[in-house]
Amino acid sequence: MRFVAGSGKVGDRIFSNLAVGAAITILALLGGVAAFLLIQAMPAVSASPSDLPGGKSLIDYIAPLAFGTVLAATIAVVLAVPLAVAVALFISHIAPRRLLLPLGYMVDLLAAVPSIVYGLWGIFVLGPAAVGPMEWLEQKLGFIPFFEGPASVTGRTMLVAGLVLTVMILPIVSAVAREVFSQTPRKLQEGALALGATRWEMIRMTVLPFGKSSIISGAMLGLGRAIGETMAVTIILSVSGIVTFNLISQANPSTIAANIALDFPESTGLAINTLIASGLVLFAITLVTNLAARAIISRQNIQ
Amino acid sequence: MGAAGATRAETEVGKAEMNAVTTGAQSAPESVAATQGRPAKTLETRSVNLYYGDFHAVEDVSITVEPNKVTALIGSSGCGKTTFLRSLNRMHELTAGARVEGEITLDGQDIYGSNVDPVQVRRLVGMVFQSPNPFPTMSVYDNVAAGLNLNAGRVKKAEKDEIVERSLRGAHLWNEVKDRLDKPGSSLSGGQQQRLCIARATAVEPEVLLMDEPCSALDPVATLAIEDLIGELKSKFTIAIVTHNMQQASRASDITAFFNLEETGKPGRLVEIGATEKIFTSPSQQATEDYVSGRFG
Amino acid sequence: MSTLDGGVLPDWSSYGVVAASALLSAALLLAAGAFSVALLLVLTVFVAAVVTYTWSRRIEGPRRAKDRLITLVIVAAFGLALIPLLSLVFEVAKRGIPGLSLEFLTESARGHIGGGGAAHALVGTLVITGVAALISIPVGLMAAIYLTEYGGGRLGRALTFFVDVMTGIPSIVAGLFAYALFALLLGPGIRLGVMGSVALSVLMIPIVIRTSEEVLKIVPNHLREASYALGTPKWRTIVKVVLPTAFAGLITGMMIAVARIIGETAPLLVTTGVVDSINSNPFSGRMQNLAVYAYSEYRTPGVFKQASYDRAWAAALTLIVIVMVLNLVARLIYRRYRTEIR
């Protein structure tokens, strides 16, 4: 039956083509990212070590950077996740109910701050403030490789960079945790309370198990963010390129992202290809992290 | 019933031993003597008024929930029966702005006293909810033992095994789950889950058991099983049950309390309370008569 | 077996213990000559924890004591998390305000040795972000429409998957991609404003898609069906019924996406470069935004170091204010204009 001749059908055709076109464009875009990066990275992969910056092979160039990336990100996740869970629990279960939205908003504000601002804050505020505690760490806990020292006097250390990353990913993990905690079914929580559990026991028995997989996926989101973070680390770290677990000294490894930010503007030729190759490695690491996070979520959903 | 009776006598002795361990020797003699159940405590309310903020939800209820009997609270939706029930184990106050006025005593002790910890009250006054709520991340065994585990370290494994089995037997669930104790609590059917919740509630030996429409989410077969169970449980506990189902009330209870709302916006009131048979055949209030004969509700 | 006696700590106990601990800690620190606000806070929490636990354990029992202790720890953790936020706001304001001046807002850096303003960066921010939005919003919105209105199938599932992947692309990699793309088209060594916009689009598109998809999904089906029942073709239904209903949410999503990328530095470092003068043509020559400006003022301060740092902080302050305002306005718009769905 025809009620509308012509315009409806043509309009529909055009519109749906536009929509499909948009979808395809985006997929092409992503394919493009991978493809172009690969093309531009190839020269570095096939070059001989003497032509590359630093005169080392590509792997030797990237490995310390990858180490630094993982080290900084690990510090951030290890510190941020327990803190984020506590913050989420505070907002969802301890603070008065009507403060749920405002408090959540305050924590989320941390996520809106641009990373350059975090970088400036890190080097001008947190760094100097951390010098005293780092000296204390060197004195009291210097036997642990992390705190071997000698403590930096400027505060431009891996520890401070890690702390700034912690603050940056805290709102991400906390928002995910807060979401799932406040969705814990009421009947489960009441069931625990009716058995004579204290509030903390109730949280331990119902809220935390319920939110476990969300916390993990939130942590991995945070990890991905920390791995890819550039500006804060670029500004804060005093880089010497060595691979070390010493968190409080002047000599630190760089991260892949920071290295690109520092070297790219002045680089030419093969150096650029090398940097792009390192960017590809960074992309691969974040990809794996994100896919793992999604796999965890979907496994939980199947259960 | 001989074998079951012998088992129950054994478990009574076992329970006496446990009582002696946890509360001192006074209660041991009376538990050993009672081979058919133990004397439970009386729950009394005097002039209880319940509020949600400014909203007056339940007005002036004074009843006695008698020991070792089943008291049914009936009435139409929204008349405050569940609100009243939840005040008996201090769950009402969990809602923001909720308030209790009046006196509620368990065995003579005011459960809202300034020196009283609500956590302790809830240990002594247990609750089974409308929709079965086993802890999904815990196994069947851990679900039943959940209350026991809260007193961490005080109960040894062998004792715990014994209590879990006894509670599951008491809830008529043992035979169905004895080979699946380590499976998650959520893997059972609806009726089984509710019996699991009952086992969980009874495992901690409360004085009073409150049940909020325990069968409303279950099919008729499961419902009958639970009703039979309630009849058995009253030998050990004081039971109060909120129900929408009048047939259930008349089948399963000894005493019935009828709640009613005069009009929406007004607080719910207790209209009449008495022996179940009397309430259903010759109630003294007209409103009660109207409700039980199905003229409204 | 009655166990309702036992005891309960008085209502004022939590506040009382914290106050007393604070006083005690202050006294101890002053006596030891090592007073500082940070130490005071740490010591107060520690003392309060010990006092709370022992007092509660004696009167209320071990389980209650543990409950109180953990509650205290959680509250302290929240306080700890607030400290960076407060410090950020305070320090950025304190250090940024001195650098804010008319000159800052109206002059560019060209021709000013060791001085000048950020006008070129402001213009650059507007242009780069504007072009990025121009690219991302239509594409992202149409893709979201595709996902919600034209259903899944393989393309839809692939798209959803890759959008998830895209949200995880590090910003610098997005910059590298834009560089690589233009290097292929125009040869290496080029720096253009539009390259930065392309890089930012890679970051912006997934956000636009995600937020748009969410609000489009909320539009109830019966509205669409009512429109179809009137004989309206699908595209008109979308344009005249679905989009207007979701309008507030769509705008909010776009503003959030803009707020997200307006402060980006890394992708622009590798694409648009650093420049001194005002350039409003995205297709010709270098351009920088406020974030890159802040970075370059810090990294390569002019003759008067402190003045450069002041300007960096001023740029940071401006950025934060812009981002906060965008977020706030986005939320207000959503609350005020969203269509109530029955």
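How many salt bridges does a search of the whole structure find over all chains? The model is a predicted one, and the search finds 31 of them. Side chains of opposite charge can pair when their charged atoms come close.

Chain C has 13 helices and 0 strands. Read along the sequence, its pattern is accordingly α-α-α-α-α-α-α-α-α-α-α-α-α. The radius of gyration of chain C is 28 Å, whereas a compact globule of 342 residues would have one near 20 Å. Along the principal axes, the C-alpha atoms of chain C fill a box of roughly 75 × 70 × 35 Å. Of the 342 residues in chain C, 52% are buried. Contacts in chain C can also be sorted by separation in sequence: among those between residues at least 6 apart, 70% join residues at least 24 apart.

Next comes the contact between chain A and chain C. It takes 78 residues from chain A and 77 residues from chain C. Between them the two chains bury about 7000 Å², and 81% of that area is on carbon and sulfur atoms. The rule finds 6 residue pairs in polar contact across this interface, with both residues of a pair at pLDDT 80 or more. On the side of chain A that touches chain C, helix α1 (residues 7-46) of chain A gives the most, with 21 residues. The residues of that side divide into 58 nonpolar, 14 polar and 6 charged.

The count of salt bridges between chain A and chain C is 1. In this salt bridge the side chain of Glu201(A) meets that of Arg63(C), at 2.8 Å from N to O.

Within chain A, the side chains of Asp108(A) and Arg178(A) meet in a salt bridge, at 3.2 Å from N to O. Asp108(A) lies in helix α3 (residues 100-112) of chain A and Arg178(A) in helix α5 (residues 158-181) of chain A, so this pair ties together parts that are 70 residues apart in sequence. Asp108(A) is partly exposed, its relative accessible area being 25%. Arg178(A), at 13% relative accessibility, counts as buried.

Arg166(B) forms a salt bridge with Glu162(B), and their closest N and O atoms are 3.5 Å apart. Both residues lie in helix α6 (residues 157-170) of chain B, 4 residues apart, about one turn of the helix. Arg166(B) is buried, with a relative accessible area of 12%, while Glu162(B) is partly exposed at 33%.

The other pair is Asp254(B) with Lys234(B), a salt bridge whose closest N and O atoms are 3.1 Å apart. Asp254(B) lies in the loop between α10 (246-252) and β10 (255-260) of chain B, and Lys234(B) in the loop between α9 (220-233) and β9 (238-242) of chain B, so the pair ties together parts that are 20 residues apart in sequence. Asp254(B) counts as partly exposed at 25% relative accessibility, and Lys234(B) counts as partly exposed at 24%.

Finally, there is a group with members in chain A and chain B: Arg186(A), Glu190(A) and Arg86(B) are linked in a network of salt bridges.

Conventions. Residues numbered from 1 in each chain as written. Chains lettered and ligands numbered in written order. Heavy atoms only, no water. Contact = heavy atoms within 4.5 Å. Buried area = accessible area lost by both parts, 1.4 Å probe. Salt bridge = Lys/Arg side-chain N within 4 Å of Asp/Glu carboxyl O. Polar contact = N/O pair within 3.5 Å; in protein donor to acceptor, adjacent residues only side chain to side chain. Helix = DSSP H or I, 4+ residues; strand = E, 2+ residues; numbered from the N terminus. Nonpolar A, V, L, I, M, F, W, Y, C, P; charged D, E, K, R; others polar. Rg over C-alpha atoms; globule rule 2.2 N^0.38 Å. Buried < 20%, exposed > 50% of the residue type's maximum accessible area, 1.4 Å probe, protein only.
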